[in-house]
Amino acid sequence: MQNLAPIALFVYNRPEHTRRTLNYLQKNLLADESRLFIFSDAAKTEDDKPKVEQVRHLIKEVTGFKSVKIITRKENLGLANSIISGVTQLVNEYGKVIVFEDDLLSSTHTLQYFNEALTRYATKEKVMHIGAYMYNLADKKLPQTFFFRAATSWGWATWARAWKEFEPDVDVLIKQFDAKKIDQFSINGTMNFWKQIEHFKAGKNDSWAIRWYASIFLKGGLTLNPSASLIQNIGNDGTGRHSNKENMYQVPITKKQVKQFPAEIKEDQQAYQAIKHFLKNRKGSLLKRGLRFIKQLQDKYLVKK
């Protein structure tokens, strides 16, 4: 396969996560033919400096790719600005990019999937994003890949033609939503996507991903996704600056090569319903867990009369 997309890997202060991410990435078919760009953000605090230096020492030793270029930031950009800057740099130079963060384990076929999809849909304006992660939908009998409205950020790829539609200004995005669009954007209220927009506006998160999904959604764009995940996120262990400790999204990595891609570019309704069902059940289980926790606290601390 010719003209492979460059890989952007964003790292910060988690040496062990970074080591594992690179180890899995090196085992990918096409790794030795791919250019790897590692963006290392500078420490935000004095406490972060030792771990940042450990990561920087580790990435200097990386081999197994066609080329490795390390971009060392002198000032802390933060995850959102780091990703926006790095993705913009690479799509401007190469026309496309594959994006990893430092806590993503990949299948040996993940790079194959990305490059095949990037080539297949290169001129299809409606296709704006390729995701590699998927919820555990193993029992849903879905096609091997499908189109969906929402963009996942745990291993993804895009083109310069799509990335130019990214709108970083949350006020510009918010003005384009009405009640109907908010419901559609939030998968009929099963996902907290709109709340993420509101939290970004209020300065409670620094998410590039929710603004990217909103940009895609407002352009009527679609995302390509696998029905069996090609990525496992190992960052939801409380170590990340932008991650919580939870196992709700843990999935096995498929060992199968993706060979089937949709010919018709439209949202897959079966997949939409399967994801909505998964998210609705997750929401219900979270509520039950919350109520159970409250009851445990009441039993422990309240004096019964």
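Trainee: At what angle do helix 8 and helix 9 pack, and how far apart are their axes?
Mentor: Helix 8 (residues 193-201) and helix 9 (residues 208-218) pack at about 120 degrees, with axes 10 Å apart. Those axes are lines fitted to C-alpha atoms, for helices over the stretch in contact, and angles run from 0 to 180 degrees between N-to-C directions. Before we go on: this is a predicted model, where local features need pLDDT of at least 70 and side-chain atom pairs count only at pLDDT 80 or more, while totals for chains, interfaces and linings use all residues. Residues are numbered from 1 along each chain as its sequence is written, and side-chain values use heavy atoms, with hydrogens and water left out.

Trainee: What do you call the orientation of helix 8 and helix 9 to each other?
Mentor: Oblique, therefore, given that angle. Under 35 degrees counts as roughly parallel, over 145 as roughly antiparallel, 65 to 115 as roughly perpendicular, and the rest as oblique.

Trainee: And which residues meet there?
Mentor: From helix 8, Phe193, Gln196, Ile197 and Phe200 meet Ile210, Arg211, Tyr213 and Ala214 of helix 9.

Trainee: Switching topic: what order do the strands of the open sheet have?
Mentor: Eight strands run 3-2-1-4-8-6-9-7, with mixed pairing. Strands pair if DSSP finds at least two bridges between them. Helices (H or I, at least four residues) and strands (E, at least two) are DSSP runs, numbered from the N terminus.

Trainee: Which strands sit at the edges?
Mentor: Strand 3 and strand 7 (145-148), each pairing on one side only. From one strand to the next, the twist averages 25 degrees.

Trainee: How many bridges does strand 2 make with strand 1?
Mentor: Five, in the parallel sense, with strand 1 at residues 7-11. Val11 has Ser40 as its bridge partner in strand 2. Right-handed here means that, with the strands pointing away from the viewer, the path from the first strand over the helix to the second runs clockwise.

Trainee: What about strand 2 and strand 3, parallel or antiparallel?
Mentor: Parallel, over six bridges, with strand 3 at residues 67-72. Phe39 stands opposite Ile71 in strand 3. Helix 2 (residues 49-59) carries the chain across from strand 2 to strand 3, again as a right-handed β-α-β crossover.

Trainee: Is strand 2 mostly covered or open?
Mentor: Mostly covered: of the six residues in strand 2 (residues 35-40), five are buried. Buried means under 20% relative accessible area, exposed over 50%, partly exposed in between (1.4 Å probe, protein chains only).

Definitions and conventions: Contact = heavy atoms within 4.5 Å.
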